[in-house]
Amino acid sequence: MSEATATTLWGRIRSDVPASSREARLTRLYFGWRRLARSSAALAGLAIIALLLLLAIFAPFIAPFDPYAQELSAQLRPPSTINLFGTDEFGRDVFSRVIYGSRYTLYIVVLVAVIAAPIGLIIGAASGFLGGWVDTVFMRLTDIALAFPRLILALAFVTAFGPGLNNAILAIAVTGWPPYVRIARAETLSIRKSDYIAAIQLMGASRLRIILFHIIPLCFPSLLVRATLDMAGVILIAAGLGFLGLGAQPPSAEWGVMLSNGKDYLLSGWWVATFPGIAIFLVSMGFNLLGDGLRDVLDPRQED
Amino acid sequence: MNKGSLLSLDRLVVTYGAVRAVRDLSFAISPGECFGLVGESGSGKSTALRAIAGLAPIASGNVMLAGQTLMGPRDLHFHRRVQMVFQDPYGSLHPRQTIERQLMEPLRIQRFPDRPDRVRGVIRRVGLPESFLYRYPHQLSGGQRQRVAIARALLMEPDVLLLDEPTSALDVSVQAEILNLLMDLREERVLTYLLVSHDFGVIGTMCDRLLVMRHGLAVEEMSNADLRAGRATSAYARQLLEASRGYHPEALADVG
Amino acid sequence: MQDSPLVEIEDLRVTFKERSGSFDAVRGVSFSMGREKLGIVGESGSGKSLTGKALLGLVPGNAVVTAKKLAFDGHDILAATPREMRKLRGRRIGLVMQDPKYCLNPVKTVGYQIAESCKLASRVSSADAKVRVLETLRAVQINDPERVARAYPHELSGGMAQRVMMAMMVIGEPDLLIADEPTSALDVTVQLEVLALLDRLIAARGMGLIFISHDLRLVSQFCDRIVVMYAGRIVETLPAKDLSQATHAYTRGLLNCLPSLDRAAGTRLPTLQREAGWRT
């Protein structure tokens, strides 16, 4: 009945009667989105992340001032209609700096995710599926990496390679992959013995093909959830490194650096440290909320 | 072993660690025949099937396909000739791929031409509408999934189908439809079946010959006529046959 | 024997509320039973299990149960408080499920768990409970009750675990036992032993039994009366011995499509042609 009426693409998607595999995927995305949209917390998280993205892209259009322009006559001005978040010790506009800071945050988050998650995914899936000595070697390496506290390891890396934003990112990524390995391996172990993997083996598929096309896509959802939740921590570590002078360097408009500078003026100019702090808090929370929402949507047990 | 047999086992032993799941199992299946393996859980009947397919470790003994002994990992050629249908239709389809993708995959692996046509043809042959190609497994009922699993096995145009309790997870009315489909396909494509089941009714409907197994050992080989006449020589086969007749308190005196 | 029936169900409905609308899984089921063996038969989705669960007050959270009458031995189940329901479940109604392994606590010994349900049903001392546990394990045909009482659930075979489950359920001497596919996970030979045991327990204690199963033939051999369900409704109720004279097309269809050794080998099985009229 509904099959006959659904003639447009949108109609077929909404009534769940796809006419091709591509439409079936779109339909799934649509219903996943509807499930995500049921949670107001997840939507709030998504809105925060979307805002971060927009701010980073359109920073030059939104920021009223040059974030690096010093105006020594306007030091430590409290928030006003001209300087929404006030000015810092060099007379720079804190509002503009917070907006430009979103670029650093996004840069860090994206790079860490792009480096750490795929490494973890591939090592974990291969380790879980192949087993034997491959598994033993990879898992012992992971255990060793996991034995160090993450911030301390990142500190050691940055001290060894020299402070700086890129080295900080590398340090965070290099210390961040072991949890992904664990997740991907655990998922793979539960998938490996299943009949559908046996069936694909019986079609003559190579092990590489099975790992790449059949196992990794199944590990992907839980990894995405974990990565999203992880981003809150990544932002905190990056800000921490910046705060300690080991990440982004002054005069960068990075939130951790700004926080570090502002701490000296907490009594005379509370706004210098407070607004970057609020930004860090909001974005971390945004990632956490979105991650929780994604977990509810992507958890296979929720699917009927 | 019989020279004319298509698939045969010669003193097959399968061990998992210290557990000997299959012990000294031998039988031979002729081309076009339907051979049944019957037994209770732990009898090794499914393990034997998986060992033939290369999914269980063979400790000793031989598996022979068309007179050739299969050694080591199975090759592409083997997969073209021998396919399997699993017991649990909920577990044998990839949960996040559309049916179309799952049916295309074997054709891609084996480099078949005319893939979309073959997929459409096979889905119609197992009695499903083409629109089901664009569904995910969780949108299908158990019987529909089992039809998809059969379609996937048929794509390879195999000679031998290994059927591992293909209907035991289904409602009886759906079971009848799937068994009918399997009977029709066998006739139409001259397939050879090795059917594992715990149900004498299913075995008796489908099979020409059967082997009763217990604790990994072959207990007794019977013909379909033997089965119907209740001509079992071993005590265990007789007991199983009796039990399969259902609950008769008076007949149970010696069992309980 | 008293006059009032043990279970009275009139126009039972179980409705699942979902965002996309509501779905009636049980649609107007009515029957009453005394201390007899009643079989409820149907395929998956027929609502047979939900009917049993509604009687126990154990339907899932998003389901709503309504009925003109849903009574156990004169107690109105729909009006009962959760506390009263717990009391009823512990002492008067027992439940045996398909997979005993999911119903037993994996980190407590079997003996402890049976003793707990014994204490729940009647105030007895721990020492008395222990004696009763061993007695009951013996009653469910377990030869070495001391060893089994000390065992953990994972150390038991499927048939043994199902006996333990029954021991747990009958120790409180309930008036009604609801068995939901109690033998479907067991091998045929074990299945028959468990059924024989169930039969004896019921006869000895004068309980009523609701036997929920997909296996029409087994139910007809085991029960006194059969209720056949299809798509949430009862299509036919008949004495078990008259199954071969069933009149409804669905019941007959179910019987016919069973693969049987009486049918010629290699012939197609008759299939069930579902008719829209059965649903209403």
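Which residues does C:Met166 touch, not counting residues up to four places away in sequence? In this predicted model, the partners of C:Met166 are C:Val96, C:Val140, C:Leu197, C:Leu198 and C:Leu201. C:Met166 also belongs to the largest nonpolar core, a set of 244 residues. Together with A:Ala168, A:Ile172, B:Leu162, B:Leu194 and C:Val164, C:Met166 is among the residues that touch the most other members of this core.

Where the two domains of chain C meet, 9 residues come from domain 1 and 14 residues from domain 2. On the domain 1 side, α2 (82–91) and α8 (188–205) of chain C each provide at least two residues, and α8(C) gives the most, with 7 residues. By type, the domain 1 side of this contact holds 5 nonpolar, 1 polar and 3 charged residues.

Chain C meets chain B through 29 residues of chain C and 30 residues of chain B. On the chain C side, the elements giving two or more residues are α8, α9 (216–222) and α10 (249–256). Of these, α8(C) supplies the largest share, 7 residues. The chain C side of the contact with chain B comprises 14 nonpolar, 8 polar and 7 charged residues.

Note on methods
Residues are numbered from 1 along each chain as its sequence is written. Chains are lettered from A and ligands numbered from 1 in the order in which they are written. This is a predicted model: local features need pLDDT of at least 70, side-chain atom pairs count only at pLDDT 80 or more; totals for chains, interfaces and linings use all residues. A nonpolar core is a set of buried Ala, Val, Leu, Ile, Met, Phe, Trp, Tyr and Cys residues joined through C-beta atoms within 7 Å. A residue is buried if 20 or more other C-beta atoms lie within 10 Å of its own, exposed if 12 or fewer, and partly exposed in between; C-beta atoms are placed from the backbone. Two residues are in contact if their C-beta atoms, placed from the backbone, lie within 7 Å. Helices (H or I, at least four residues) and strands (E, at least two) are DSSP runs, numbered from the N terminus. Ala, Val, Leu, Ile, Met, Phe, Trp, Tyr, Cys and Pro count as nonpolar, Asp, Glu, Lys and Arg as charged, and the others, Gly among them, as polar.
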